[in-house]
Amino acid sequence: MKKNNSSITLSSLCGVLLALSASFGVMSKEYKTILIHGLQPQQLINASGTNVESDGASYWSSYWGRVSDERIDWPSYERIEGKIATDWIWPKLKQFSESKLCEAGCVLVTHSTGDLVARYIIDNQENWLSNAGLEPLNIVATFDIAGAGGGSELADIAVSALTGAAGWSSVIDRALKWWLGSDVTEAVGVLHDLKVNNARRIAPVPDDRAPRLRFVAEGDDFFGATKLFLKGKDDGVVALHSSCGASAVESFDSCSRSVATDGQVTHQSDGVQGFMPYHFPMIMSDNYSHNNIRNAAHKGNVTVANHTAQIGGRAVSFQTVNESSGHWFWKKHYRFVANSNNLSASELIYSAIP
């Protein structure tokens with residue numbers, strides 16, 4: 001009997017240890033993480049049949065949903081400064097304040113259009129919560145993955161084509177089918193906010209100085225169908241001027257002046273020179289695309305635009321390794337993030353959150 005009790009106790013203990021091990025990454029973080037997803041094209045097709053919360057959970061299911069603390073879900077068929085703010089952002093901010101979720105600090109982890117939503121939150125949350133007699137959130141930073149805060153030229157052509165303001169062609173049709181799906185027939189909601197000029201007018205200089213760390217892809221899921229419409233290098237959906245956080249809408253080849261997106265250490269004459277306030281590009285890769293950089297799968301090496309940034313008095317840093325290929329005049333030097341040959345971009349980004 002005693003032996004049996006002992007076995008049950010040991011078995012229970014093992015179960016507890018396994019559960020703790022599975023959630024250790026979340027428990028060990030100093031700052032809480034809040035996810036903000038990007039555009040969900042299927043919601044433009046069937047707004048009435050959309051389950052916003054379910055779609056939000058599914059969006060992050062590959063990796064981030066397992067390691068985060070909270071989410072802010074929002075419907076793509078609405079506008080950021082309209083019902084997205086009043087009906088979806090505000091209730092969550094109120095909940096976070098009342099529960100003191102961000103008392104020690106929160107990091108907003110965004111993907112794609114979530115970058116733009118986060119900027120609007122950063123610019124307004126203190127006033128909104130203070131006016132309601134609540135404590136503002138202590139947002140120490142955002143980690144923006146394939147950020148679309150500078151808009152996307154694809155949104156410009158989509159709105160023009162779907163509203164009849166521009167002629168339809170087979171090239172446009174192919175690009176929109178790859179990006180949005182063949183059933184989108186109306187330019188609604190956040191598509192208008194994603195137009196390049198519109199996006200850059202939304203909370204362009206927020207009072208809050210939370211640093212915005214950028215994680216940038218330069219791959220492509222669409223076989224080049226969308227690249228004709230994007231300025232400079234891109235990830236298939238947003239150009240580098242947007243994902244790097246550049247202050248100007250120009251054709252850029254890298255977020256850095258000294259390293260290419262593939263890790264080659266060489267002068268980048270078309271690298272970004274000026275950035276939007278408090279925007280700091282961190283890692284870049286030509287192995288990941290706009291959509292898969294947020295997922296769990298490993299696609300290849302990543303490099304650094306900046307090794308280190310400071311958030312809330314803590315350092316966010318990436319160790320690097322140097323490699324060379326070729327000989328003599330053809331010799332090339334590369335710099336990669338340590339372990340990026342084994343770990344996915346999402347794993348590397350998560351590990352950097354204090």
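Visitor: Where does Thr 33 lie?

Guide: Thr 33 lies in strand 1. Some ground rules come before the details. The model is predicted, and local features need pLDDT of at least 70, side-chain atom pairs count only at pLDDT 80 or more, and totals for chains, interfaces and linings use all residues. Residues are numbered from 1 along each chain as its sequence is written, and side-chain values use heavy atoms, with hydrogens and water left out. Helices (H or I, at least four residues) and strands (E, at least two) are DSSP runs, numbered from the N terminus.

Thr 33 is buried, at 1% relative accessibility. Buried means under 20% relative accessible area, exposed over 50%, and partly exposed in between, for a 1.4 Å probe and protein chains only. Not counting residues up to four places away in sequence, Thr 33 touches Val 67, Ser 68, Asp 69, Glu 70, Val 107, Val 109 and Ile 353. Contact here means heavy atoms within 4.5 Å.

A nonpolar core is a set of buried Ala, Val, Leu, Ile, Met, Phe, Trp, Tyr and Cys residues joined through side-chain atoms within 4.5 Å. The largest has 53 residues, and Trp 179 and Leu 180 have the most contacts inside it. Strand 1 is among the elements that give two or more residues to this core, along with helix 4 (80–99), strand 3 (106–111), helix 5 (114–131), helix 6, helix 7 and helix 8. A second, separate core of 34 residues includes Ile 353, which is one of the residues that Thr 33 touches. In soluble globular proteins, nonpolar side chains tend to be buried together.

Trp 179 belongs to helix 7 (residues 170–179), where the buried residues are Ile 172, Ala 175, Leu 176 and Trp 179. These residues cover an arc of only 95° around the axis, so they are on the same side of helix 7; the arc is that of the directions from the helix axis to the C-beta atoms. Their cover includes helix 6 (153–162) and helix 8 (190–193). Just after helix 7, Gly 181 takes a positive phi of about 105°.

Helix 5, another contributor to that core, also holds Asp 115. Asp 115 is buried, at 0% relative accessibility. Its side chain makes a polar contact with the side chain of Arg 212 at 3.1 Å. A polar contact is a pair of N or O atoms within 3.5 Å; within protein, one must be able to donate a hydrogen and the other to accept it, and residues adjacent in sequence count only if both atoms are side-chain atoms. Besides Arg 212, the residues that Asp 115 touches include Thr 110, Asp 144 and Arg 214.
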